[in-house]
Amino acid sequence: MSLDPIRQDLIPFLASYLPPEQHNIENKPFVTLTYAQSIDARISLGPGIRTSISDVETKVMTHYLRYHHDGILIGSGTVLADDPGLNCKWHPDVAESKLSEYSPRPIILDPSQKWRFIGSKMYDLFKNGEGKSPIIVVSEKPQVEEEYIDYLIIDGHQGRIDWKTLVDRLSNEFGIKSIMVEGGAFVINELLLRDDIVDSLIVTVGSTYLGEDGVQVSPKKAISLIDADWWKGKKDSIMAARLVPRTN
Ligand SMILES: NC(=O)c1ccc[n+]([C@@H]2O[C@H](COP(=O)([O-])OP(=O)(O)OC[C@H]3O[C@@H](n4cnc5c(N)ncnc54)[C@H](O)[C@@H]3O)[C@@H](O)[C@H]2O)c1
Ligand SMILES: Nc1nc(=O)c(N)c(NC[C@H](O)[C@H](O)[C@H](O)COP(=O)(O)O)[nH]1
């Protein structure tokens, strides 16, 4: 896949929402929550349907963001539906190259171990030197471990892994200081309520409706945003913001 060059005004627009270069290693990792939605707040046409929302201008932003993070996290629903590559296909200086070195480490939340690395797009990219091997977050030690993978075992409460434990362990055990969360809906809806975990929110809004059967993003409670700013492209807009810290 070849990407269009990044629009130059996107770079200053995103600057204050990216992980700071001097991120204090004592702090929890910097977490950016990012996804693309339709006007009717859908992120895909239906469960398990890979749906393209971003236009070429905003697609390249995803890779620009990947370049700026150590890790890229998705839920099992997304890895099973989309078979994503999760590598970085953008570099400021190198247009076409093996970009494994600049790619974030994929982190897959798969507590019940439904996904297999071998046979996936991620595996092909890794074997080809174009992407990194994933860390799989599981709730118990797998009976059969796949080659090249790191397993992070976290025993969650009723199958739910605690986000604070997860980001702290990714930092302490894997040196991951910045994480880009790409979805899907379950993960996004949980994290929209976690101002203690999420540092930046970057949402692409595509000029399309996906309809009521689509997978919806809508947190359980109303939330407010601060520092909201908008960038306007040819077909999409991007909102960057931060979550309002809770007082209780
Ligand atoms: N437009 C976009 O930006 C975008 C991005 C990502 C995914 N998608 C779409 O979203 C859909 C998938 O969304 P979804 O909601 O089904 O899946 P998801 O990717 O949010 O994965 C949900 C699963 O992740 C695991 N998980 C999540 N949080 C957990 C926690 N705290 N503890 C333990 N396990 C946890 C569980 O196994 C859960 O069932 C697909 O159709 C995909 O194409 C769209
Ligand atoms: N920004 C964005 N715009 C979209 O229109 C869309 N569908 C996604 N979806 C995010 C989801 O996680 C995808 O699975 C990966 O973006 C695919 O990643 P690859 O290109 O295979 O590396 N993200």
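Helices (H or I, at least four residues) and strands (E, at least two) are DSSP runs, numbered from the N terminus. This is a predicted model: local features need pLDDT of at least 70, side-chain atom pairs count only at pLDDT 80 or more, and totals for chains, interfaces and linings use all residues. Residues are numbered from 1 along each chain as its sequence is written, while chains are lettered from A and ligands numbered from 1 in the order in which they are written.

Start with the sheet. It is open, has nine strands and runs β6-β5-β4-β3-β7-β1-β8-β11-β10, with mixed pairing. Two strands pair if DSSP finds at least two bridges between them. β6 (150–153) and β10 (225–232) stand at the edges with a single partner strand each, so one side of each lacks a neighbour in the sheet. Inside the sheet, β4 (residues 105–109) and β5 (residues 135–138) pair in the parallel sense over three bridges. There, L109 stands opposite V137 of β5.

Now look for the ligand. Around ligand 1 there are 31 residues, and the closest are G75, G77, G183, G184 and F186. A residue counts as near if its C-beta atom, placed from the backbone, lies within 6 Å of the molecule. Helix α3 supplies the largest share of this shell, five residues. Other elements giving two or more residues include β1 (30–37) and β7 (178–183).

Finally, follow V181. This residue touches V31, T32, L33, T34, L73, V187 and L191, leaving out residues up to four places away in sequence. Contact here means C-beta atoms, placed from the backbone, within 7 Å.

Conventions. Contact = placed C-beta atoms within 7 Å.
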